[in-house]
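The points after the display are grouped by topic.

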Amino acid sequence: MAGQQFQYDDSGNTFFYFLTSFVGLIVIPATYYLWPRDQNAEQLRLKSLRRVHGRCLWYRLRLMKSQQSIVPTLKKAALLFGWAIFIFLAYKVSKLDREYQEYNPYEVLNLDPGASVSEIKKQYRVLSLKFHPDKGGDEAMFMKIAKAYSALTNDESRKNWETYGNPDGPRVANFGIALPAWIVDQKNSMLVLLVYGLAFMVILPVVVGTWWYRSIRYSGDQILINTTQLFMHFMYKTPTMNMKRLVMVLTAAFEFDPRSNKEAIIRPTDNIEVPQLIRELGNINVKKKEPPFCYPYSLKARVLVLTHLARMEVSENIEEDQRFVVKKCPALLQEMINVGCQLTMMATSRGGFRAPRLSSIENCMKLTQMVVQGLQEAKSPLLQLPHFEEENLRYCISKKYKVRSIQDLVSLKDSDRRNMLRFLGEEKYDEVIAVLGSFPHITMETKLQVLDDEDSNNITAGSIVTVTVTLTRKRMSEVFEKAQETPAPVEEANTEEAQADGTKNKMKVWQNKSKGAKKASKSKKKKLTKKKPVSQQQVKGDKAKQANGNVAGNEMAAAAKEEDEEVSDKGSESDEAEATKDSPSERDDESDKQSDTEADEVTGDDEEEWEALQQSIQRRERALLETKSKITHPVYSLYFPEEKHEWWWLYIADRKDQTLVSMPYHVCTLKDTEEVELKFPAPSKTGNYQFSVILRSDSYMGLDQIKPLKLEVHEAKAVLDNHPQWDIPETEEEEEDQEDSDGIEESEEDDEDND
């Protein structure tokens with residue numbers, strides 16, 4: 001291009017500027033994100049969990065890894081090396097001379113701008129005598145002085161300087177490239193070409209191709225696409241899948257096949273150790289010839305999962321492979337649940353499509369609990385606790401205690417619990433209590449409504465029903481602390497009520513509603529049979545309490561009793577006289593007031609429904625905008641090789657028909673409280689329906705909850721099609737046609753009247 005010139009940096013000054021900025025752009029963000037915050041932070045966290053989780057396998061592996069890991073040290077060394085390079089380059093740049101300065105002849109001659117020719121000549125003589133080479137002066141400075149003198153004394157040069165900023169006239173624009181000149185040197189051309197071809201023709205295509213190949217093989221949950229297709233095939237083929245069949249399908253996943261996953265290993269010793277474990281396990285369908293269950297990798301993975309559930313001891317090589325298989329199982333089972341939900345949705349939308357049964361999906365959830373806790377399905381949930389063995393369970397299930405679950409153990413008195421667990425020493429007992437207190441206790445509250453409808457409480461056929469479930473997580477220690485509390489002493493007259501309240505407080509909050517209802521009905525019957533006859537004044541006092549809306553208002557009740565006594569002294573005649581004083585006009589006024597209050601109540605209900613709708617919309621918007629952490633609470637699992645956090649499945653099911661009503665929602669962010677909205681279409685036929693809201697843990701056995709959900713479906717309102725106010729003509733021609741037709745109809749009516 002004319003008037004421009006490109007040149008490489010021969011001196012290397014601009015290259016150092018470029019290199020310094022490039023290294024800074026890498027080192028500064030890398031230090032912020034990769035610098036180990038505190039090597040002792042992980043050890044401090046593990047130390048805080050030691051009292052409860054000290055015996056867990058994942059805890060011991062994590063503690064060993066944190067003590068032996070050199071990754072933080074390597075990160076620090078690499079980052080410090082990068083900072084050393086950056087500081088060296090910055091120092092190099094600070095020492096470079098600034099060669100590019102603006103040329104000003106007045107500054108060279110030490111004159112003010114606009115000086116006269118005589119002043120310029122006089123100053124030139126003084127400086128030339130000082131800097132002339134013959135007088136021992138600086139030759140370079142003398143050349144600058146001579147150039148400045150000629151530029152200011154020559155009319156053309158002075159005009160060029162004032163116009164273009166250069167005595168020689170317009171200059172060519174120079175563009176420097178911040179790369180050293182040796183890069184384009186002919187001697188180094190082959191080396192530069194080799195590096196360029198290696199970086200952009202080999203390394204970059206390999207990296208992009210590897211990423212693309214991996215992305216097309218895996219789903220969004222990092223599960224192989226072939227595994228997902230395998231699960232879909234078998235869940236469609238076997239809608240009702242028992243636990244034994246489910247284990248076979250799970251261990252047939254391609255994640256355990258060395259040809260599909262390099263982390264999976266087939267060892268030469270497997271031909272000896274795996275058959276030995278098969279003989280110890282017993283019947284595991286070894287002779288089944290159905291592929292892929294008969295493949296060696298599938299058989300080995302099945303044996304490893306079953307030995308983990310049976311808590312069998314294995315060799316070191318097998319134990320390493322077992323940890324790999326067991327760590328993969330929760331994610332694979334979650335994928336099976338997703339596949340089952342997809343098949344269910346396809347069956348409901350298409351019709352005639354065979355969907356998996358509810359029991360198959362629930363077995364996947366149960367198997368996840370079993371894998372995390374290392375327990376078989378028929379084993380007692382008490383074996384999740386430390387120091388509990390099969391022979392110790394006979395003390396728990398005896399007729400005296402009848403402890404069969406975690407909740408039963410929590411509800412015992414401390415003295416009875418200590419007496420039952422007398423086979424444990426003092427230290428072991430304290431450890432068991434600490435672990436038991438760390439278990440989660442979830443309270444579940446449900447609210448049924450139809451959003452985006454005028455009457456949110458009226459469920460019509462085919463409407464979209466929203467069940468808002470509020471989950472509150474507490475520790476078991478808080479529960480059995482409340483269970484130990486005794487009711488406060490009360491007066492003798494209220495002993496029966498105090499006993500009833502005490503039974504309510506002692507009632508286990510995790511029990512099914514049916515059991516609680518039975519106990520409540522029994523207590524009510526006792527109250528009815530043991531009640532003493534009450535006087536009329538007491539009845540009036542109770543009515544006053546109800547009118548005031550204060551349950552514990554003793555002062556208000558006493559005042560009401562005094563007023564009732566005064567009224568009773570006056571006699572019934574005064575009451576009749578006051579009743580006759582009411583005129584018909586006053587009655588009309590009272591009826592008007594009553595109608596106004598009813599209207600106010602209706603508008604108040606509408607406002608409440610509108611507020612509830614707005615709150616639900618705001619909750620949805622917040623859920624879309626907020627991204628909560630999936631780190632909740634660490635799970636106590638004695639045999640799971642990786643740290644697991646408490647997650648839950650929440651769904652609505654029809655247990656009578658063994659079908660899903662709403663798809664399972666995986667609650668992964670429940671720390672203290674969580675609100676979940678479950679949506680499903682109401683049945684197309686009117687009537688009463690009995691569903692169940694089910695909460696299942698993916699980590700603990702025996703902590704699942706089932707809450708009944710009654711649904712009363714009404715007939716949908718008929719939609720009116722032809723409203724007169726909706727028949728609005730769109731154009732002027734239609735208006736004229738409509739007016740003409742109206743005029744014709746009127747004339748016909750007039751003719752009929754004349755006839």
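Phe 439 counts as buried because its relative accessibility is 0%, where buried means under 20% relative accessible area, exposed over 50% and partly exposed in between (1.4 Å probe, protein chains only). The model is predicted: local features need pLDDT of at least 70, side-chain atom pairs count only at pLDDT 80 or more, and totals for chains, interfaces and linings use all residues. Residues are numbered from 1 along each chain as its sequence is written, and side-chain values use heavy atoms, with hydrogens and water left out.

**Phe 439 and its surroundings**

- Phe 439 is placed in the loop between helix 20 and strand 3; helices (H or I, at least four residues) and strands (E, at least two) are DSSP runs, numbered from the N terminus.
- Leaving aside neighbours within four places in sequence, Phe 439 is in contact with residues including Gln 384, Leu 385, Ile 406, Tyr 636 and Leu 703, contact being defined as heavy atoms within 4.5 Å.
- The C-alpha atoms of Phe 439 and Lys 474 are 8.6 Å apart in space, while the two residues are 35 residues apart in sequence.

**Nonpolar cores**

- In soluble globular proteins, nonpolar side chains tend to be buried together.
- A nonpolar core is a set of buried Ala, Val, Leu, Ile, Met, Phe, Trp, Tyr and Cys residues joined through side-chain atoms within 4.5 Å.
- The largest nonpolar core has 91 residues, and those with the most contacts inside it are Met 336, Leu 367, Leu 385, Phe 388, Ile 406 and Phe 439.
- Helix 15 (residues 316–350) gives the most to this core, with 12 residues.
- This core lies between domain 3 (220–379) and domain 4 (449–483 + 629–713), because both give residues to it; the domain bounds come from an automatic or database domain assignment.
- A second, separate core has 24 residues, among them Ile 442, Val 450, Val 676 and Phe 691.
- Not counting residues up to four places away in sequence, Phe 388 touches Leu 382, Leu 383, Leu 393, Cys 396, Leu 421 and Val 432.

**Aromatic pairs**

- A pair of aromatic rings is described by the distance of the centres and the angle of the planes.
- Rings of Phe, Tyr and Trp (its six-membered ring) pair if their centres lie within 6.5 Å; planes under 30 degrees apart count as stacked, over 60 as edge-to-face and the rest as tilted.
- The count by this rule comes to 14 aromatic pairs.
- Tyr 124 and Tyr 149 form a stacked pair, because their ring centres are 4.1 Å apart and their planes are at 15°.
- Tyr 124 lies in helix 7 (residues 117–131) and Tyr 149 in helix 8 (residues 139–153), so this pair ties together parts that are 25 residues apart in sequence.
- Phe 439 and Tyr 700 form a tilted pair, with 4.7 Å from centre to centre and 45° between the planes.
- Tyr 700 lies in the loop between strand 9 and strand 10 (705–713) and Phe 439 in the loop between helix 20 (426–438) and strand 3 (440–449), so the pair ties together parts that are 261 residues apart in sequence.
- Tyr 700 counts as buried because its relative accessibility is 1%.
- One aromatic cluster is formed by Phe 388, Tyr 395 and Phe 423.

- Strand 5 (residues 648–654) is mostly covered, with seven of its seven residues buried.
- Trp 648, Leu 650, Ile 652 and Asp 654 are buried on one side of strand 5, and Trp 649, Tyr 651 and Ala 653 are buried on the other.
- Two strands pair if DSSP finds at least two bridges between them.
- Strand 5 and strand 9 (residues 687–697) run antiparallel and are joined by six bridges; Leu 650 has Leu 695 in strand 9 as its bridge partner.
- Strand 5 also pairs with strand 7 (residues 665–667) in the antiparallel sense, over three bridges, and Trp 649 stands opposite His 666 in strand 7.
- Two bridges join strand 5 to strand 6 (residues 659–660), and these strands run antiparallel.
- The hairpin of strand 5 and strand 6 has four residues between the strands, and Gln 658 takes a positive phi near 55° there.

**Cysteines**

- A disulfide is a pair of cysteine sulfur atoms within 2.5 Å, and the count by this rule comes to zero disulfides.
- The closest cysteine sulfur to that of Cys 364 is in Cys 341, at 9.5 Å, which is too far for a bond.
- Cys 364 counts as buried at 1% relative accessibility, whereas Cys 294 counts as partly exposed at 33%.
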